Amino acid sequence: MTTVHPDSGAPEVTLGKHVAAPTGPTVPGGLEAAKPATAAAPGDAKALYLDEAPTTITTPKLTHRPVLDPDAAPAVRRASLGKPTPEERLLAAGTWVASVATAWLLTQRLLPLPGVAWFVIVTFLCGLSFTVVITLLTGTRVEVVDRLAQVVVTGGALTLGVALFSTVAFVAVKGYEPVLNLNFLGSDMGGVGPQDPFDRGGIRHAILGSLIQVGIAIVITLPLGIGTAVFMTEVGGRFARIVRTVVEAMTALPSVVAGLFIYTVWIVTLGQPRSGFAASLAISVMMLPIIARAADVVLRVVPGGLREASLALGASRWRTVWHVVLPTARPGLATALILGVARGIGETSPVLLTSGAAQFTVLNPFGTSMNSLPLFVYSNVRSGDPTAIQRAYGAAFVLLVIVLVFFVIARLLARPPGSSTRKRKSR
């Protein structure tokens with residue numbers, strides 16, 4: 001039972017029928033401290049639960065108001081995780097200006113380290129050092145680690161971006177001249193010599209051959225790769241661990257080994273001729289572990305609550321995978337497909353061993369040789385003729401464009417329905 005003391009207003013928690021008023025010394029605020037309860041003897045343990053032994057516990061409520069110290073320093077606003085302040089931007093700009101100046105002084109004046117590569121490396125190291133020193137002057141160890149991680153991640157992203165842009169730009173500059181001719185995309189090399197001008201011949205046969213071979217490889221590897229990933233993720237077990245180990249080991253399989261495998265089994269053992277289909281089988285061996293491994297990682301990211309909710313509603317394991325897991329992971333599966341296509345469409349040695357090169361357009365993948373873009377690039381660069389080498393650069397540029405188009409199409413197809421509408425409404 002809970003009552004209120006008439007003098008102090010403090011609540012009293014009482015065990016039993018009798019209520020004893022608290023007595024004791026007076027505390028600030030007009031409250032009286034209650035006497036501590038007397039412990040019962042071992043033989044009187046039952047008295048704690050009977051009405052003859054009342055016990056009163058008083059819990060006074062004391063409120064302490066915060067006191068503002070007028071002489072204290074102003075509060076420092078906590079740093080947010082958003083955009084950097086103008087002071088932080090100025091410090092970062094000064095840090096990297098000083099790094100560039102120091103790197104130039106070290107590499108060009110003091111040390112025998114000429115060249116752009118050494119200048120970039122020394123600039124990055126000086127930037128890291130100056131960032132640590134300047135952050136320690138104004139911040140804590142946590143901020144130092146945060147700035148270092150930011151610099152390292154930004155440097156890695158810039159390095160990858162510069163490498164990608166420089167590769168595409170170099171190939172485009174070397175091969176733009178033959179690409180400007182319309183016949184380069186609409187004609188083949190039938191009856192055209194390696195030293196003929198760019199207004200004769202083209203890479204139509206190589207483009208069609210690459211698309212046919214990669215298309216057959218996608219038809220073979222896409223269901224097998226996603227099925228393998230579903231087995232490793234949704235079924236599991238001891239055999240699934242063995243399959244995952246084999247898939248991870250095949251990811252680093254050299255392309256020439258895949259070509260030799262198909263050449264030995266399909267051409268030598270079974271007696272089949274060299275053809276575009278044999279090249280597709282070799283490309284499939286290269287694409288399968290890439291798609292399976294990437295799809296496995298994507299499916300493992302799908303929240304388990306979605307699976308549990310589907311199973312709780314009475315759906316079977318197969319319907320859960322087909323209607324819940326795979327649609328949720330569709331963007332990631334599209335990325336897995338693009339990774340596999342990018343690996344397979346650029347292979348040269350499997351096509352060289354299993355298909356061979358043809359100088360004219362071949363649409364039938366069975367029974368005859370079929371050229372491809374990587375094989376066309378290899379053959380023309382190997383010839384040593386400047387005109388043929390420029391044609392090879394043009395074909396390499398077209399290959400990069402095809403991979404980019406495949407990536408865009410896959411991402412558009414994998415986009416959830418109505419996502420663009422939701423974005424517009426949110427804006």
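Predicted model: local features only at pLDDT ≥ 70, side-chain atom pairs only at ≥ 80, totals over all residues.

Visitor: Why is Ser369 called partly exposed?

Guide: The relative accessible area of Ser369 is 25%. Buried would need under 20% and exposed over 50%, so Ser369, at 25%, counts as partly exposed.

Visitor: And how far is Ser369 from Ser355, in sequence and in space?

Guide: Ser369 and Ser355 are 14 residues apart in sequence, and their C-alpha atoms are 5.1 Å apart.

Visitor: What makes Gln213 buried?

Guide: Gln213 has a relative accessible area of 2%. The cut-off for buried is under 20%, so Gln213 counts as buried. Gln213 lies in helix H5. Apart from residues up to four places away in sequence, Gln213 touches Gly276, Ala279, Ser280, Ile283, Val351, Ser355, Met370, Asn371 and Ser372.

Visitor: Let's stay with H5. Which label does Thr221 get, buried or exposed, and why?

Guide: Thr221 is in helix H5 too. Its relative accessibility is 1%; buried means under 20%, so Thr221 counts as buried. Setting aside neighbours within four places in sequence, Thr221 is in contact with Ser284, Met287, Leu288 and Ile291.

Visitor: Then why is Ile220 called partly exposed?

Guide: Ile220 also lies in helix H5, with a relative accessibility of 26%. Ile220 touches Leu281 and Ser284, not counting residues up to four places away in sequence. The C-alpha atoms of Ile220 and Leu288 are 8.6 Å apart, with 68 residues separating the two along the chain.

Visitor: What makes H5 roughly perpendicular to H10?

Guide: The axes of H5 and helix H10 (residues 317–328) cross at roughly 110 degrees and come within 13 Å. Angles of 65 to 115 degrees count as roughly perpendicular, so H5 is roughly perpendicular to H10. The crossing is right-handed. On the H5 side, Ile226, Val230 and Glu234 meet Arg317, Val321, Val325 and Leu326 in H10.

Visitor: And why are H8 and H11 called roughly antiparallel?

Guide: H8 and H11 pack at an angle of about 155 degrees, and their axes are 8 Å apart. Over 145 degrees counts as roughly antiparallel, so that is what H8 is to H11. Residues making this contact include Met287, Ile291 and Ala295 of H8 and Gly332, Ala336 and Gly340 of H11. The crossing of H8 and H11 is right-handed.

Visitor: Which residues of the largest nonpolar core touch the most other members?

Guide: Ile203, Ile207, Met287, Leu373, Phe376, Val398 and Ile402 do, out of 23 residues in that core. Helices H5 (204–235), H8 (276–301), H11 (330–345), H13 (373–383) and H14 (386–414) each give two or more residues to this core. There's also a second, separate core of 12 residues, with Ile226, Leu299, Val325 and Ala329 among them.

Visitor: What is Ile203 in contact with?

Guide: Leaving out neighbours within four places in sequence, Ile203 is in contact with Phe184, Leu185, Ser187, Leu373, Phe376, Ala395 and Val398.

Visitor: Over to H2. Why is Val132 called partly exposed?

Guide: Val132 is found in helix H2 (residues 116–138), and its relative accessible area is 24%. With buried set at under 20% and exposed at over 50%, Val132 comes out as partly exposed. Val132 touches Val144 and Leu148, not counting residues up to four places away in sequence. Val132 and Val145 are 13 residues apart in sequence, and 8.4 Å apart from C-alpha to C-alpha.

Visitor: How confident is the predictor, and where is the pLDDT below 50?

Guide: The mean pLDDT of the protein chain is 81, and 81% of its residues reach 70 or more. Over residues 1–51 the pLDDT is below 50.

Visitor: And how many helices and strands are there?

Guide: The protein chain has 15 helices and 5 strands. Of its 427 residues, 31% are buried.

Notes. Residues numbered from 1 in each chain as written. Heavy atoms only, no water. Core = buried A, V, L, I, M, F, W, Y, C linked by side-chain atoms within 4.5 Å. Buried < 20%, exposed > 50% of the residue type's maximum accessible area, 1.4 Å probe, protein only. Helix = DSSP H or I, 4+ residues; strand = E, 2+ residues; numbered from the N terminus. Contact = heavy atoms within 4.5 Å. pLDDT = per-residue confidence, 0-100. Axes fitted to C-alpha atoms, helices over the stretch in contact; angles between N-to-C directions. Parallel < 35°, antiparallel > 145°, perpendicular 65-115°, else oblique. Left-handed = near helix turned anticlockwise from the far one by under 90°.
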